[in-house]
Amino acid sequence: MTEEHGKALRERLEAPKFNKMLKQWVGRGELDYEVYLQTRRLLALQFTAEERVTHDELLFQIAHQTQELWLKLVSEELAAAIDLLDADDLWGALRCSSGRRGSASASCTRWR
């Protein structure tokens, strides 16, 4: 495969597509899902193929950006548990932290 083939494939993958089941275009950032998650903005955070220095750079960026998001979630959940402790709601804090351990362990497991 030549460099031109790779470029053509990237352009095709990045282009919006008409979804026959939804009967609308997907990938333009107009669907509720895309708007809510800000997918166009999110996907723009990674370097383009032309900007990357090595093949593995995209994997590196996505893995570390994902880790940062998991850490943000864990931080928010810990802050919520601390708020409950500050309000003298020990049982609420325990319920909160025990239900949230899954998030922390899921994020740690991904990096093993």
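**A friendly note on this predicted model**

1. Let's start with D88: its relative accessibility is 71%, so D88 counts as exposed (buried is under 20% relative accessible area, exposed over 50%, partly exposed in between, with a 1.4 Å probe and protein chains only). D88 sits in the loop between α4 and α5, just after α4. Its phi is near 60°, a positive value in a residue other than glycine. Most residues other than glycine have a negative phi.

2. A word on the ground rules. Residues are numbered from 1 along each chain as its sequence is written, and side-chain values use heavy atoms, with hydrogens and water left out. The model is predicted, so local features need pLDDT of at least 70 and side-chain atom pairs count only at pLDDT 80 or more, while totals for chains, interfaces and linings use all residues.

3. Now for the overall plan. Five helices and two strands make up the elements of the protein (DSSP runs numbered from the N terminus: H or I of at least four residues for helices, E of at least two for strands). The protein has 112 residues, and 15% of them are buried. Among contacts (heavy atoms within 4.5 Å) with a separation of 6 or more, 23% join residues 24 or more positions apart.

4. R95 lies in α5, which runs over residues 90-110. R95 and A81 are 14 residues apart along the chain, and their C-alpha atoms are separated by 8.7 Å. R95 counts as exposed because its relative accessible area is 57%.

5. From F47 to L58 is eleven residues in sequence and 7.2 Å in space, C-alpha to C-alpha.

6. Q38 is in the loop between α2 (32-37) and α3, and its phi is near 55°, a positive value in a residue other than glycine. With 38% relative accessibility, Q38 counts as partly exposed. T39 is in helix α3, and T39 is buried because its relative accessibility is 15%. Setting aside neighbours within four places in sequence, T39 is in contact with Y33 and E34.

7. Helix α1 is the place of both K7 and E14. K7 and E50 are 43 residues apart in sequence, yet 9.4 Å apart in space, C-alpha to C-alpha. For E14 and R28, the C-alpha distance is 9.7 Å and the sequence gap is 14 residues.

8. Finally, the largest pocket. Its space comes to about 750 Å³ (the space filled by probe spheres set on grid points joined across faces, edges and corners). A pocket here is an open set of points on a 1 Å grid over the protein atoms alone, where a 1.4 Å probe fits, with protein on both sides within 12 Å along at least five of seven lines; lining residues have an atom within 4 Å of a point. There are 26 lining residues, and R10, L13, E14, A15 and L43 are the closest to the centre of the largest pocket.

9. Which element gives the largest share of that lining? Helix α1 does, with seven residues. At least two residues each come from α1 (3-14), β1 (17-19) and α3 (39-43).
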